[in-house]
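Please examine the sequence and the model below before reading on.

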Amino acid sequence: MEKKQTDVRESHVLVFPFPIQGHINPMLQFSKRLASKGLKVTLIASTSIAKSMQTPQESSINIETIFDGFQEEKAASPVEYMERYEATVPQSLAELIEKHGSTPYPVKCIVYDSVMPWALDVARSSGISGASFFTQSCAVCVIYYHAIQGALKVPLEEEPVAVVSLPSLPQLEFNDLPPFVNGAGSYPAIYELVFGQFSNIDDADWLFWNTFNGLEDEVVNWMASKWPIKPIGPTIPSMFLDKRLKDDKDYGLSLFKPNSDACMKWLDSKEPSSVVYVSFGSLAALGEDQMAELAWGLKRSNTYFLWVVRESEKEKLPNNFVEETIEMGLVVTWSPQLEVLAHKSVGCFITHCGWNSTLEALSLGVPMVAMPQWTDQPTNAKFITDVWQVGIRVKVDEKGIVTKEEVERCIREVMEEDAGNEMKKNSEKWKKLACMAVDEGGAPNKNMEEFVTKLVCSSNGFKE
Ligand SMILES: O=c1ccn([C@@H]2O[C@H](COP(=O)(O)OP(=O)(O)O[C@H]3O[C@H](CO)[C@@H](O)[C@H](O)[C@H]3O)[C@@H](O)[C@H]2O)c(=O)[nH]1
């Protein structure tokens with residue numbers, strides 16, 4: 001027994017998320033769960049985010065920063081960022097692995113973000129194993145896979161309304177599909193990331209997925225018939241679910257500074273289920289027109305609202321909106337989202353349907369108004385409304401805008417009508433399933449224990 005403990009601690013794993021909040025959060029949570037099993041875990045950050053990074057004072061994991069081609073300066077475009085990032089990081093990563101080779105904790109495995117499949121090549125050249133970590137739903141990834149394989153014929157025509165039937169998925173209309181299946185549009189760099197995820201999926205030693213049993217079983221089973229995928233979600237801090245890790249109360253590495261006290265004090269002053277929480281995650285940028293419609297829709301709903309408008313988006317708020325709604329709303333630049341969703345005053349979440357926000361709302365039992373923007377979000381919205389039945393989706397007008405009347409209608413439906421109560425009831429079911437999933441007997445725990453055992457027993461972390 002004594003020997004095994006020592007061995008576990010000697011097994012060192014690097015966890016390497018792509019440097020954006022929606023990828024850092026799930027991989028950081030995964031790191032904490034691995035560390036709780038005794039492994040030494042180092043989370044890798046990179047220089048372009050180092051300045052804005054708020055890190056916890058104490059943590060069960062180490063954080064190390066590697067050079068990604070940027071220090072102070074910003075890239076002119078996402079394409080330029082990715083080019084420099086991908087030209088620089090492989091070497092920085094190899095050097096980090098080599099550095100640890102001469103310590104008592106040589107690295108045995110790197111768990112890399114699935115959008116950086118080239119990290120597996122670095123792992124191989126360094127003689128260690130590689131695990132790919134998927135931060136989006138299985139359903140979305142299956143759709144991308146079918147598009148790559150040609151089973152989903154693209155580009156799709158919007159008119160007449162196409163209904164797509166793919167194995168293990170519900171019927172999907174044009175607007176339910178991730179827009180990237182129709183091409184890169186104005187986001188060639190992100191398109192490459194999304195489709196690149198499958199380039200060497202057959203070669204990875206492990207495939208971890210942020211999903212959980214019961215949520216999208218058919219599609220998970222379909223995936224599992226092709227690859228040995230390991231669901232490990234939902235990656236929500238333990239104190240919001242199973243409460244087995246006592247100090248795990250928040251994600252712990254934020255690229256934004258939350259207005260925590262202001263949010264929580266304000267929520268404390270409100271009645272149960274009386275507040276609409278509005279957030280579009282860390283990347284989405286609404287157009288100015290859309291921002292105005294959303295703002296006036298919130299006002300028309302006559303409901304309390306807590307709205308996250310990131311610093312970079314604030315100038316799009318209509319003039320005088322904050323002053324005019326001071327009695328009913330609080331606008332902040334970043335919130336402690338988990339605490340907000342867990343607060344009894346919150347009765348509805350207007351969300352862009354990022355996968356983390358979706359899993360958080362499901363895990364905390366909050367009904368949603370789905371207002372998807374891009375990438376995986378339309379498909380998540382389809383599942384939120386039709387499969388899990390925990391929300392409604394806004395309708396866009398002929399100009400692609402969600403009007404203030406529509407915003408008001410959706411809020412009222414969730415907050416005031418029977419349909420909203422039904423969604424609330426359904427939400428409770430998913431909340432229970434999420435708790436069960438992360439419990440000691442759940443699949444994520446077993447999958448992580450299997451990973452730890454194999455890692456400890458092998459000299460270099462390869463499956464044997
Ligand atoms: O005020 C806020 C707003 C957000 N969050 C957190 O930030 C994360 C945001 O993640 P997510 O909801 O997934 O949104 P994005 O930041 O937009 O994430 C990107 O990455 C996700 C995972 O790949 C994708 O599903 C999204 O579509 C993509 O935009 C969540 O954990 C939130 O709890 C806060 O803590 N405070």
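This is a predicted model: local features need pLDDT of at least 70, side-chain atom pairs count only at pLDDT 80 or more; totals for chains, interfaces and linings use all residues.

**Spaces, ligand and backbone**

The largest cavity contains about 90 Å³ of space. Rolling a probe the size of a water molecule over the atoms shows where empty space is left. In total, the structure has three cavities of 30 Å³ or more.

Which residues line the largest cavity? Its lining is made up of Ser 279, Phe 280, Gly 281, Ala 284, Leu 286, Met 291, Trp 307, Val 308, Val 309, Arg 310 and Glu 313. By class, seven of these residues are nonpolar, two are polar and two are charged.

The second largest cavity has about 50 Å³ of space. Among the residues that line this cavity are Pro 17, Phe 18, Pro 19, Ile 24 and Leu 253. Leu 43, Ile 44, Ala 45 and Ser 46 also belong to the lining of the second largest cavity. Strand S2, which covers residues 40-46, gives the most to this lining, with four residues. Ten of the lining residues are nonpolar and one is polar, while no charged residue takes part.

The text now turns to the ligand. There are 24 residues around the ligand, and those that come nearest are Ser 282, Ser 335, Ser 357, Glu 360 and Asp 376. This shell divides into six nonpolar, 16 polar and two charged residues. Helix H2 (21-35), strand S10 (275-279) and helix H13 (355-364) each provide at least two residues of the shell. Which domains supply at least three residues each to the shell around the ligand? They are domain 1 (8-135 + 200-244 + 439-458) and domain 2 (260-434).

Individual atoms of the ligand can also be examined. In the side chain of His 23, an N or O atom is 2.9 Å from an oxygen atom of the ligand. The side chain of Thr 135 likewise has an N or O atom that is 2.8 Å from an oxygen atom of the ligand. For Ser 335, the backbone is involved: one of its N or O atoms lies 2.7 Å from a nitrogen atom of the ligand. How much of the accessible area of the ligand does the protein cover? On its own, the ligand has 690 Å² of accessible area, and the protein covers 97% of it.

The final topic is the backbone. Most residues other than glycine have a negative phi, and most peptide bonds are trans. Is the peptide bond from Gly 233 to Pro 234 cis or trans? This bond is cis, with omega near -5 degrees. Pro 234 is located in the loop between strand S9 (229-231) and helix H9 (260-268). Lys 243 is not a glycine, yet it has a positive phi of about 60 degrees. Lys 243 is likewise found in the loop between S9 and H9.

Notes. Residues are numbered from 1 along each chain as its sequence is written. Side-chain values use heavy atoms; hydrogens and water are left out. On a 1 Å grid over the protein atoms alone, a cavity is a set of points where a 1.4 Å probe fits but cannot get out, and a pocket is an open set with protein on both sides within 12 Å along at least five of seven lines; lining residues have an atom within 4 Å of a point. Grid points are joined across faces, edges and corners, and a volume is the space filled by probe spheres set on the points. Ala, Val, Leu, Ile, Met, Phe, Trp, Tyr, Cys and Pro count as nonpolar, Asp, Glu, Lys and Arg as charged, and the others, Gly among them, as polar. A residue is near a molecule or strand if one of its heavy atoms lies within 4 Å of it. A polar contact is a pair of N or O atoms within 3.5 Å; within protein, one must be able to donate a hydrogen and the other to accept it, and residues adjacent in sequence count only if both atoms are side-chain atoms. Accessible areas come from the Shrake-Rupley method with a 1.4 Å probe; for residues, only the protein chains shown count as cover. Domain bounds come from an automatic or database domain assignment.
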